Amino acid sequence: MVGRESFRANNLFYTCSLIDYIGRKTNNQRSDVVDALGRDRIAKIIELADVYHSDNIDAVSDSFIAAAGLADGTFDNVSAAKYAVPSHWDIGKVYKRLIMSIAENQAVSDVEALFRAYHSPVSPLIDDYNGSFFYESPSAILHAYLTGEWD
């Protein structure tokens with residue numbers, strides 16, 4: 001498939017973008033969003049991402065926020081940003097690449113890799129919009145995840 005992402009990559013991209021969207025909407029750390037959604041719900045989102053993607057993201061996010069009982073938090077990395085804020089789609093792409101690399105590198109499922117990514121020390125770096133870590137290459141982000149070393 002030249003120039004097109006796989007079904008798996010597309011579904012992970014949407015799932016990660018939705019997680020970021022929910023985090024922004026509720027002012028929650030992305031790891032808290034992942035924990036509130038839980039493994040079963042996240043697996044469902046990944047599986048049905050192509051269906052959810054055809055619906056309004058506000059409606060989809062509201063549905064999952066209610067189902068997970070996710071309360072508003074105090075983490076607002078968008079308001080704290082001094083520079084241009086990447087979109088939830090931009091951040092979804094960063095996490096998607098990391099999750100696919102973790103799954104391959106550590107021979108785990110996509111759901112497990114997702115939990116590992118969002119609970120890793122690189123997650124706060126990706127979510128710091130005053131930094132530039134989210135602009136790093138996918139291999140540099142994976143290296144930081146695997147070794148705990150970054151500039």
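Accessible areas here come from the Shrake-Rupley method with a 1.4 Å probe, and for residues only the protein chains shown count as cover. On this basis the protein chain exposes about 7,700 Å², of which carbon and sulfur atoms supply 50%. The structure is a predicted model, in which local features need pLDDT of at least 70 and side-chain atom pairs count only at pLDDT 80 or more, while totals for chains, interfaces and linings use all residues. Residues are numbered from 1 along each chain as its sequence is written, and side-chain values use heavy atoms, with hydrogens and water left out.

The protein chain holds eight helices and zero strands, where helices (H or I, at least four residues) and strands (E, at least two) are DSSP runs numbered from the N terminus. The radius of gyration of the protein chain is 15 Å, close to the 15 Å that the globule rule gives for 151 residues, so the chain is as compact as a globular protein of that length. That radius is taken over C-alpha atoms, and the globule rule is 2.2 Å times the number of residues to the power 0.38. Along its principal axes, the C-alpha trace spans about 40 × 40 × 25 Å.

Of the 151 residues in the protein chain, 44% are buried; buried means under 20% relative accessible area, exposed over 50%, and partly exposed in between (1.4 Å probe, protein chains only). Among contacts with a separation of 6 or more, 75% join residues 24 or more positions apart, a contact being heavy atoms within 4.5 Å. As for charge, the mean positions of the 13 positive and 21 negative charges are 3 Å apart. In that count Lys and Arg are positive and Asp and Glu negative, with His and the chain ends not counted; each charge is placed at NZ of Lys, CZ of Arg, CG of Asp or CD of Glu.

Leaving aside its neighbours within four places in sequence, Asn77 is in contact with Arg30, Asp127 and Tyr129. The side chain of Asn77 reaches the backbone oxygen of Asp127 at 2.8 Å. Tyr129 lies 52 residues from Asn77 along the chain, yet their C-alpha atoms are separated by 6.7 Å.

Asn27, in the loop between α1 and α2, has a phi of about 55 degrees and counts as partly exposed at 24% relative accessibility. Ala107, in the loop between α5 and α6, has a phi of about 50 degrees and counts as exposed at 72% relative accessibility.

Technical notes: A polar contact is a pair of N or O atoms within 3.5 Å; within protein, one must be able to donate a hydrogen and the other to accept it, and residues adjacent in sequence count only if both atoms are side-chain atoms.
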